[in-house]
Amino acid sequence: MTTATKTSDMLARLGIQDVNPGASTGSWIDTKGAELTSYNPTTGEAIAKVRQATRADYEEVMKVATKTFETWRLVPAPARGEVVRVLGNKLREYKQELGHLVALENGKILSEGLGEVQEMIDICDFAVGLSRQLYGLSMHSERPGHRMYEQWQPLGVVGVVSAFNFPIAVWAWNAALAAVCGDPTVWKPSSKVPLCAIAVQRICDEVMKECHCPGVFNLVVGRGNDVGDVMLADHRLPLISATGSTRMGRRIAEVVSPRFGRTILELGGNNAIVVMDDADLDLAVRAATFAAVGTAGQRCTSLRRLVMQKGIAPKLIERLKKAYASVKIGDPNDPGTLMGPLVDEGAINDMMKAIEAAKAEGGEVLYGGKRLDRPGFFVEPTLVRARADMKIVQEETFAPVLYLIEFDTLDQAIAINNGVPQGLSSAIFTKDLMAAEKFLSAAGSDCGIANVNIGTSGAEIGGAFGGEKETGGGREAGSDSWKVYMRRQTVTINGSGQLPLAQGVKFDV
Ligand code: NAD
């Protein structure tokens, strides 16, 4: 079978047509907005089109979602979990096709595309278990014959805005948890990867049909100024969970905060690995290469800064150059490819501008630095010798550019790790327990994620995922992240037949 046939079979199985409607609540809406073309970054060719949603289409979706909330919140949480269990099973059935579509439309390699679907399956499993564990605490009342406890109630319809680089997994982190918490979701995906969202919604539509619960998972593909802005200002969405750049997060906070809406903001990172002189060099090289080159440097947790103790730096740089030279660049759906293309022409421009800015500030390109002479949006993974105080090093460039920075002492390394506006992921490579513990101490890494002897990217769903400072402060996925999708209610029940007041206050009438 040719690649073209395989691709068209895959698209057909996922229900992707040449022109697709851009909104669904369980059945597709005949959307009336402008057509959006989705491109394959490996060739630059069009894959298919989506007819985007207008404000009126959005309104239609919101009507269904808000109506659904009225009944969904009353379905027992374990029964809501059952729907998410069906979703997880359907995702297992479609794993291969979805993984291929992610590789086709986003450009990440097939293994990572499949990994993204696996992450969706994992969060569904987690959410099913969670549906029987939405625990509240009970407290001892100071008043005789009184009982206090807290219960967690569904919050409302949740707006999910997702970034291009995780076209489906981050939606699942939100939608699976929100569903068991009693909240329908309305998803606005990135306009760079709308087909991934349409394929997932088709699977959701099957699930909702089978489980008789339309309106729990809803999709709206639309322009920022048609749908995005309306969503942010919409009081019917008590929570907006948004993944994207810090610039986008700032805008969301500005619109959602004044209406006292909640946000989960998962924004840009500028992640560092600190490599101490005593580190296992093999581990450090492999971890740094995967974290910097994997997903073509287009993960929020991608490694941007390799902070090397002076003794190990020369060897580390030589080993890295060799590792970089062995990275096979090409079609992300081909076996053996380790690095696919960047997402679009804009991403290439941003990368080239960053390299020029680094050079202008005294940075030295030690490897790569160029666009590849082939169709699509391919670049060389790039190593730049740099200083921590360079302006460009403070910024997140969403591309495979790794800044190499040297230090003398662990205190300096921690200061460098923390000395950027973002605070997502961080790691230290060392065999010295004291050094590792210092990095993990209150005076150590200031990031939401701190690792020892593993890289900055590749988080598991069991932990709460997110970062500090300009990364936005949101937490998603595991641990107790579910609490933000619910409203906490403190309950006091008086079974005493008396009316004693708290704090001994007397008010006798
Ligand atoms: P982006 O900010 O360009 O877009 C993200 C999403 O926000 C898209 O769906 C876009 O349409 C939407 N959007 C943009 N402006 C909007 C507005 N005014 N109102 C409503 N929606 C709006 O980001 P991108 O290029 O798609 O993704 C890359 C960025 O995402 C990087 O900065 C990366 O670090 C970040 N990211 C963060 C995490 C995390 O968990 N911290 C995860 C993935 C990606």
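1. Starting with the α13/α14 pair in this predicted model: helix α13 covers residues 410-418 and helix α14 covers residues 433-440, and their axes come within 11 Å, crossing at roughly 30°. Since angles under 35 degrees count as roughly parallel, that makes α13 roughly parallel to α14. The crossing itself is right-handed.

2. Who touches whom here? On the α13 side you'll find Leu410, Asp411, Ile414 and Asn417, and they meet Ala435, Lys438 and Phe439 of α14. Sorted by class, this contact between α13 and α14 has four nonpolar residues, two charged and one polar.

3. Now the sheet. Three strands make it up, it is open, and the order reads β1-β4-β3 with mixed pairing. The edges belong to β1 (19-21) and β3 (35-39); each has a single partner strand, so one side of each is left without a neighbour in the sheet. On average, neighbouring strands are turned by 30° against each other, if you ignore direction.

4. A closer look at β3 with β4: strand β4 spans residues 46-51, and β3 pairs with β4 in the antiparallel sense over five bridges.

How values were computed
Residues numbered from 1 in each chain as written. Predicted model: local features only at pLDDT ≥ 70, side-chain atom pairs only at ≥ 80, totals over all residues. Heavy atoms only, no water. Axes fitted to C-alpha atoms, helices over the stretch in contact; angles between N-to-C directions. Helix = DSSP H or I, 4+ residues; strand = E, 2+ residues; numbered from the N terminus. Parallel < 35°, antiparallel > 145°, perpendicular 65-115°, else oblique. Left-handed = near helix turned anticlockwise from the far one by under 90°. Contact = heavy atoms within 4.5 Å. Nonpolar A, V, L, I, M, F, W, Y, C, P; charged D, E, K, R; others polar. Pairing = 2+ DSSP bridges.
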